Amino acid sequence: NGLEKIYETAFIKLINKIIFSILILFLINAKSNIYEYFLYFSIGYLVTGIIYQLRIFINYRYVIGLSSFSNGYKTLKKSSALFISSILGSISNSLLPLLIGIFLDPNNLGIFNIADRIKGISCQLIQPLTHSIYPKMAKVYNVSKIEGNKFLKNIFLIIIPLITIALILINFFIEDIVSYFSSENILIIIII
């Protein structure tokens, strides 16, 4: 049902994070600036991309290439909305920390980064459940869109209360969660 592809995607993300973490731990110091952070972030993605291009070629004997310029243009045109939204999402996620780093002091960037990490962790609480449900959803939708919509409504009835409970617990224990990441500026981080 495609679960192996979900595990593989998670593994790709793990490799990227490991490469990025190694670069950060060994190369970032007190004299580093924000641009080095983004450079190492990009290097992590580039190395991971090269590794998985090799994996695709070795395991599947598939070379990614362009059959013709017109086919490539048609493919880009067909998926341009998704492509553009992905680029805009990446720009907006990178722009805010960059602007904070340029116009405010590094302390404010650190505060924002901690708050953003906590938000990211909160969003990821429910991801294992949604990722494990996706193959079943695809299978049901393949059989019948009406049945797929019914299944989706049932899933929402399960997921929305779980998200609500998680949100309440996070807000109830927010001081403990923030103090795990930082012992300074706890109130400001909680507000953000």
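**Note on the predicted model**

1. A nonpolar patch on the surface is formed by Tyr 35, Phe 83, Ile 84, Ile 87, Leu 88, Ile 91, Leu 95, Leu 99, Ile 102, Phe 103 and Leu 104, with about 1100 Å² of accessible area together. Patches of this kind join nonpolar side chains (Val, Leu, Ile, Met, Phe, Trp, Tyr) within 5 Å, from residues with over 30% relative accessible area and no salt bridge; areas follow the Shrake-Rupley method with a 1.4 Å probe, only the protein chains shown counting as cover.

2. The model is predicted: local features need pLDDT of at least 70 and side-chain atom pairs pLDDT 80 or more, while totals for chains, interfaces and linings use all residues. Residues are numbered from 1 along each chain as its sequence is written, and side-chain values use heavy atoms, without hydrogens and water.

3. Helix H4 (residues 80–103) gives the largest share of the patch, 9 residues. Helices are DSSP runs (H or I, at least four residues), numbered from the N terminus. Ile 84 is found in H4 and is partly exposed, at 48% relative accessible area; partly exposed lies between buried (under 20%) and exposed (over 50%), with a 1.4 Å probe and protein chains only.

4. The structure holds 1 salt bridge, defined as a side-chain nitrogen of Lys or Arg within 4 Å of a carboxyl oxygen of Asp or Glu. Its partners are Glu 147 and Lys 150 (3.7 Å, N to O). Because these residues are 3 apart in helix H7 (residues 145–172), about one helical turn separates them. Glu 147 is partly exposed at 41%, and Lys 150 is partly exposed at 46%.

Notes. Patches are made of residues with over 30% relative accessible area and no salt bridge: like charges are joined within 9 Å, nonpolar side chains (Val, Leu, Ile, Met, Phe, Trp, Tyr) within 5 Å. Helices (H or I, at least four residues) and strands (E, at least two) are DSSP runs, numbered from the N terminus.
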